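Reader: I'd like to learn how to read a ligand site and a sheet. Can you walk me through them?

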Amino acid sequence: MENKGRILIVEDEKSMREVLKILLEDEGYEIISASDGQDGIKRIEEDIFDIVITDIKMPGAGGFEVLKKVKEISPTSIVIMITAFGTIESTIEAMKLGAYDYIHKPFKIDEIRLIINKAVEKKRLSEEISVLREKVQTTCRIENIIGKSPRMQELFRLIPKVAQSSSTVLITGESGCGKELVAAALHNLSTRKNNNFVTINCATFPGGLLETELFGHIKGSFTGAVRNKEGLFEIADNGTILLDEIAEMPLSLQPKLLRVLENGIFRRVGGVADITVNVRVLAATNRNLADAIAEGSFREDLFYRLNVIPLHMPPLRERPEDIPLLLDHFFHKFSGGSKKLSPNALRIFMKHHWKGNVRELENMVERVVLLTEGTIILPEDLPEEFFLVASKGTGLPDVDEEGVDLEKIIEGIEKDYLLKALARSNGSKTDAAKLLNLTFRSFRHRLYKFGIK
Ligand SMILES: Nc1ncnc2c1ncn2[C@@H]1O[C@H](COP(=O)(O)OP(=O)(O)OP(=O)(O)O)[C@@H](O)[C@H]1O
Ligand SMILES: [Mg+2]
């Protein structure tokens with residue numbers, strides 16, 4: 001017979017215990033009984049029950065103590081109180097404390113059956129709901145990418161599909177919004193995942209060096225080439241290569257890249273042999289390649305060859321729903337989840353411009369976790385630049401029902417202007433003061449106030 005659930009009966013009257021046991025075993029439940037409150041509490045501490053049925057009045061620990069123990073250590077278990085006539089007040093009290101229902105002594109068998117079956121059904125439903133909730137949560141992340149906004153969800157839908165193909169992908173989006181994470185996910189979810197994933201930032205190598213990095217060189221091909229060197233395209237054979245900041249690739253190198261994209265063939269620097277590889281190419285940029293094409297610094301044919309599958313990462317400010325989720329993640333990472341933002345500090349985060357996107361958010365969490373002693377981070381714990389940037393990109397914040405910190409905003413603006421004037425005057429305080437229509441003394445005082453050297 002199927003086991004419909006585990007029930008603990010806590011009842012000091014032996015005959016009652018036995019009647020309940022026979023009745024409920026007959027219904028298909030597994031029954032464990034305890035002969036008083038103390039015994040019941042001990043079992044609750046050691047075991048897990050779907051339902052606990054407890055008498056209210058017992059010598060020693062009573063039903064209330066049993067109820068409290070269940071709420072404390074096993075809050076998903078359902079508690080049903082057994083009440084005698086004349087204890088209506090304590091029954092109400094028990095319901096307030098979280099008892100699910102009660103049965104009267106002496107019992108009516110049908111009533112008990114009904115109550116227990118209903119309770120079990122309720123428990124099963126609530127378990128299903130929490131499983132569903134977990135399922136929703138797990139789709140809020142693919143590999144290491146977190147997000148629940150519709151645009152991220154769309155991306156999560158696309159990434160596994162795109163990972164199955166070998167077409168070139170162009171990942172675009174502002175700095176810090178997760179382009180590298182997407183590239184890594186595309187590799188890790190592909191059949192190439194056991195081969196190399198290599199990343200190169202095209203902006204960090206001067207032209208000639210970038211070519212040898214990508215394609216390798218032959219010993220003696222230039223001064224310093226003392227031995228043959230494999231390029232990243234060879235290292236990434238059967239794997240994936242990410243060409244980051246692709247807009248910075250020198251025009252002179254672009255035809256060579258075009259060739260390897262078209263047929264997988266290239267030559268090492270100084271070499272004459274054609275080398276054939278099977279590499280999936282991903283490219284990323286935070287620049288608008290159309291501008292680079294218009295400027296003449298990027299080949300249009302290369303752009304089309306790279307842009308076979310375009311993936312655009314939306315900036316964080318366009319998906320504020322993702323912010324609480326990311327905060328959870330980073331607070332966990334940096335404080336083990338022991339610290340969190342106060343509701344007002346969270347509102348400030350939600351409205352922030354996040355020019356540096358998720359990277360900026362991550363750095364900010366790391367910083368406030370380090371600098372704040374308490375477990376709750378308040379608006380005044382946030383660094384000044386935070387307000388400075390907030391007053392820049394998005395315009396000044398609105399005054400809504402939770403209000404703003406005027407002093408902090410004004411200080412932010414003030415500091416911003418002091419720095420701007422100093423920059424324009426090449427560090428001359430006298431000139432900077434003039435630019436701001438301030439006396440030298442007043443200017444110097446303000447620098448001192450903000451600790452600007
Ligand atoms: N959706 C996200 N979920 C979790 N972490 C993220 C997410 N997006 C970005 N990050 C984190 O933010 C940081 C920056 O991400 P990444 O390096 O992928 O940005 P990027 O778009 O390549 O930026 P850049 O253009 O400056 O190179 C990384 O530490 C990354 O782990
Ligand atoms: Mg990057």
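Reader: How far does a backbone N or O atom of G176 lie from an oxygen atom of ligand 1?

Author: A polar contact is a pair of N or O atoms within 3.5 Å; within protein, one must be able to donate a hydrogen and the other to accept it, and residues adjacent in sequence count only if both atoms are side-chain atoms. Here the G176 backbone atom sits 2.7 Å from the ligand 1 oxygen. A polar backbone atom of C177 is 3.3 Å from an oxygen of ligand 1, and a side-chain N or O atom of E362 is 2.9 Å from one. The protein covers 86% of the 640 Å² of accessible area (Shrake-Rupley, 1.4 Å probe) that ligand 1 has on its own.

Author: One caveat: this is a predicted model, where local features need pLDDT of at least 70 and side-chain atom pairs pLDDT 80 or more, while totals for chains, interfaces and linings use all residues. Residues count from 1 along each chain as written, chains are lettered from A and ligands numbered from 1 in written order, and side-chain values use heavy atoms, leaving out hydrogens and water.

Reader: How many bridges join strand 8 to strand 16?

Author: There are 4, and the two strands run parallel. Within them, V169 stands opposite I309.

Definitions and conventions: Pairing = 2+ DSSP bridges.
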